[in-house]
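Let's take a walk through this structure together.

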Amino acid sequence: MSTFRQIYYQIVFSTKHRKPVLSIEHEDQLYKYIWGIVKNKNCKLYRINGMPDHIHLFTDLHPSVSLSSFVKDIKVSSNLWIKQSGLFPDFEEWQSGYGAFTYSEREKDMMINYIKNQKEHHENESFEVEYKNLLESHGVEFDEKYLW
């Protein structure tokens, strides 16, 4: 029997100490690089966007790829690329953790639009509020002292 799956993930991670170091003028190059990583893992990236201190990906995972190794590969590879490119000179590294949240087929278009409109969204809501809302709306228990 073949393997079938349909799991959409929103993956969120930030720069170390949430420093706003991802300049908007070069973010497209970073996003294209990450898209290449996702593609090389036989996964599909539906949308990527972010702010100077964090990024969101909306993607699926190939059955042969674990979530933790997928995120690790994206962060390690993009960390090296960022440092070699010199496009984000104040970038130190990514934060050590990440958030990953699942969505259904019915929510796919909503999530693509949500990530597409990150800049507008953050005119009214900080990353800290957004991230806590994501955790709470997905029923993820957390201790706030470990978030920041």
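Start with Ile74, which lies in helix H2; helices here are DSSP runs of H or I with at least four residues, strands are runs of E with at least two, and both are numbered from the N terminus. Before going on, know that this is a predicted model, where local features need pLDDT of at least 70, side-chain atom pairs count only at pLDDT 80 or more, and totals for chains, interfaces and linings use all residues. Residues are numbered from 1 along each chain as its sequence is written, and side-chain values use heavy atoms, with hydrogens and water left out.

So is Ile74 buried or exposed? Ile74 counts as buried because its relative accessibility is 1% (buried means under 20% relative accessible area, exposed over 50%, partly exposed in between, using a 1.4 Å probe and protein chains only). Setting aside neighbours within four places in sequence, Ile74 is in contact with Phe13, Ile34, Ile37, Val38 and Leu57, where contact means heavy atoms within 4.5 Å. Its C-alpha atom is 9.6 Å from that of Gly36, 38 residues away along the chain.

Now for the helix pair. The axes of H1 and H2 come within 10 Å and cross at roughly 140° (axes are lines fitted to C-alpha atoms, for helices over the stretch in contact, and angles run from 0 to 180 degrees between N-to-C directions). That angle is why H1 is oblique to H2: under 35 degrees counts as roughly parallel, over 145 as roughly antiparallel, 65 to 115 as roughly perpendicular, and the rest as oblique. On the H1 side, Gln29, Leu30, Tyr33, Ile34, Ile37 and Val38 meet Phe70, Asp73, Ile74, Ser77, Ser78, Trp81 and Ile82 of H2.

Next, the core. The largest nonpolar core has 26 residues, and Leu30, Ile55 and Leu57 touch the most other members; such a core is a set of buried Ala, Val, Leu, Ile, Met, Phe, Trp, Tyr and Cys residues joined through side-chain atoms within 4.5 Å. At least two residues of this core come from each of strand S1 (8-14), helix H1 (27-40), strand S2 (45-51), strand S3 (54-60) and helix H2 (67-85). Another core, of 13 residues, lies apart from it, with Tyr8, Tyr103, Ile115 and Leu134 among them.

Finally, look at two loops. Most residues other than glycine have a negative phi. Arg18, though not a glycine, has a positive phi of about 55°, and sits in the loop between S1 and H1. Asn42, in the loop between H1 and S2, also isn't a glycine and has a positive phi of about 60°.
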